[in-house]
Amino acid sequence: MTMGEIRLTIAHRRKLMVDENKVTIKVNDNGSLRVTGPVELVDAEGNPFEHKESFSLCRCGGSSNKPFCDGAHKSIGFESAPRAKKD
């Protein structure tokens, strides 16, 4: 293995480590906020909620399992599809 290949391998491993620790929150059209990645979700008193590595948060206010989404947005006709501004 050449020095260039070794550097590339190390850079690739660092990128993988960063990706593993990356948290993404996706705003779903007319629905929930999808959270993916290693994150701690706590209530107003700092108590942690149990959740999986990926989970959805209610955005419509209609969930009976708040703060998590239970799909209520579909039955109440929730509409919201914001887009990030492009430069």
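The entries below follow the order in which I looked things up.

**Entry: the aromatic pairs.** I began by noting that this is a predicted model, and I then looked for aromatic pairs, of which the structure holds 2. For F49 and F68 I read a distance of 5.8 Å between the ring centres and an angle of 90° between the planes, so I wrote this pair down as edge-to-face, since planes over 60 degrees apart count that way. I then looked up where the two residues sit: F49 is in the loop between β2 (33–36) and β3 (54–57), while F68 is in the loop between β3 and α2 (72–76), so the pair ties together parts that are 19 residues apart in sequence.

**Entry: the second pair.** Is F68 buried or exposed? I found a relative accessible area of 13% for F68, so I noted this residue as buried, because the cut-off for that word is under 20%. F68 also forms an aromatic pair with F55, and here I read 5.8 Å from centre to centre and 75° between the planes, which is again edge-to-face.

**Entry: the cluster.** I wrote down that ring pairs link F49, F55 and F68 into a cluster.

**Entry: the histidine in the helix.** I next turned to H73, which is found in helix α2 and is buried, with a relative accessible area of 13%. Which residues does H73 touch, leaving aside those up to four places away in sequence? My list holds N30, G31, S32, C60 and F78.

**Entry: the backbone at N30.** N30 was on that list of contacts of H73, and I looked it up on its own account. N30 has a positive phi of about 55°, although this residue is not a glycine. I placed N30 in the loop between β1 (24–27) and β2, and I recorded it as partly exposed, with a relative accessible area of 34%.

**Entry: a cis peptide bond.** Lastly I looked at the peptide bond from K66 to P67, which is cis, with omega near 10°. P67 has its place in the loop between β3 and α2, where I had also placed F68.

Definitions and conventions:
Residues numbered from 1 in each chain as written. Predicted model: local features only at pLDDT ≥ 70, side-chain atom pairs only at ≥ 80, totals over all residues. Heavy atoms only, no water. Phe/Tyr/Trp six-rings, centres within 6.5 Å; stacked < 30°, edge-to-face > 60°. Helix = DSSP H or I, 4+ residues; strand = E, 2+ residues; numbered from the N terminus. Buried < 20%, exposed > 50% of the residue type's maximum accessible area, 1.4 Å probe, protein only. Contact = heavy atoms within 4.5 Å.
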